[in-house]
Each structure stands twice: as structure tokens, then as C-alpha cells.
Amino acid sequence: MNLPTFSASSTTTAAHCLPHPRRARLSRCGVLAATLLGLGLAGCAKPSAPPPVEAPAPVVSPAPAPVVATPSRDELLAQYVDKVRRLIRSKMVYKGKTGNPDALFEVTLQPDMRIQAVRRVSSSGNKAFDQAVQRAIQKAGSYPPLPEGLEFSLFMTHKIKYRLNDLR
């Protein structure tokens, strides 16, 4: 008696799954058992494909922070003074074009960087220029916030020179 063929593959039979393939005589219960066994073990002759496995999500590490050279204290100071000069220049109204007058002023700041007092220490010899610079400092109202690395004590009371051509 031949055993039925199952759909696992065209050549796979339940007999291939039995312990001894030469057992030709099986009772009805044996055929039924072999059939059920064959149905349950039909994949033993040819293993079925494993269930799909989801690929793990790629691990994305943050980009390394760019290496930025920290400016020295002197560079910070020069950058800050330039920023203050540009602020003052933006507030200045002066029509004179001749020469390159320069004037020295003493500025006193409050801890919140507001300008408390402005005093001319040295005149440029051009009264209109001196007044224009002093008004511009007062108009600014306050200095920009200090960058990290510079202490307020450097600016609490300081002198700053304004030269006409340096301001343009």
C-alpha cells in the first residue's frame, strides 16, 4: 500500500518522515496515523522557511561635535571691543569728512552693562567730533553682554579711543 503524497514537495511522502521507510504494511489506524503524522511532519523532508525576522533598527550615533578652537582672552577682548566700537558707530551722527580726529573717553558701566557715565579724557581738537562720539556712547545705552571668559571688572570703568577713520 502506497502512502499519500503531501504538498511539502513533489517527491516528499509521509513515509520519508517515518522512522523506517520499508514498513509497507500498515493497518487502517496506522495509515491514518501515518497520514496525520505526515501532515504534521510534512516539512521534515524539506524545512520550511523561517518566519521573517525584522532587521534591527540601525543605531544612529550623534555626529561628533566639531572641534572649535577656543579664542584666547586677548582675542575675546579684541573682538568685544570691536563689537562695542561698531555699536557706538551705528549710533553716531557726524558729517565731517576731513582728517582723522581721535578722542579718548572714559566710560563707567553698571553690572548689567548699562552705561552709567561718559567723560571725555582727551579731545580730538574737533569739538563737533568729540560731541558726536559722546552722544553716540550715551545713545547706545548699554554695551552688549560680555562673552564667557571676560570679567566685568575689566569694563566697569575703562577708557576707549575713537578715531574717525577707524569707525567707518
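Me: How many aromatic pairs does the count come to?
Reply: This is a predicted model: local features need pLDDT of at least 70, side-chain atom pairs count only at pLDDT 80 or more, and totals for chains, interfaces and linings use all residues. Residues are numbered from 1 along each chain as its sequence is written, and side-chain values use heavy atoms, leaving out hydrogens and water. Rings of Phe, Tyr and Trp (its six-membered ring) pair if their centres lie within 6.5 Å; planes under 30 degrees apart count as stacked, over 60 as edge-to-face, the rest as tilted. By this rule the count is 2.

Me: What kind of aromatic pair do tyrosine 80 and phenylalanine 155 form?
Reply: Their centres are 5.0 Å apart. Their planes stand at 70 degrees, and the pair is edge-to-face.

Me: How many residues apart in sequence are the parts that this pair ties together?
Reply: Helices (H or I, at least four residues) and strands (E, at least two) are DSSP runs, numbered from the N terminus. Tyrosine 80 lies in helix α2 and phenylalanine 155 in the loop between α3 and β3. So the parts tied together are apart by 75 residues.

Me: Are tyrosine 80 and phenylalanine 155 buried or exposed?
Reply: Buried means under 20% relative accessible area, exposed over 50%, partly exposed in between (1.4 Å probe, protein chains only). Both residues are buried.

Me: Which elements do the buried residues of α2 pack against?
Reply: Leu76, Tyr80, Val84 and Ile88 are buried in α2. They cover an arc (of directions from the helix axis to the C-beta atoms) of only 105 degrees, which puts them on the same side of α2. With contact meaning heavy atoms within 4.5 Å, the buried residues of α2 pack against α3 and β3.
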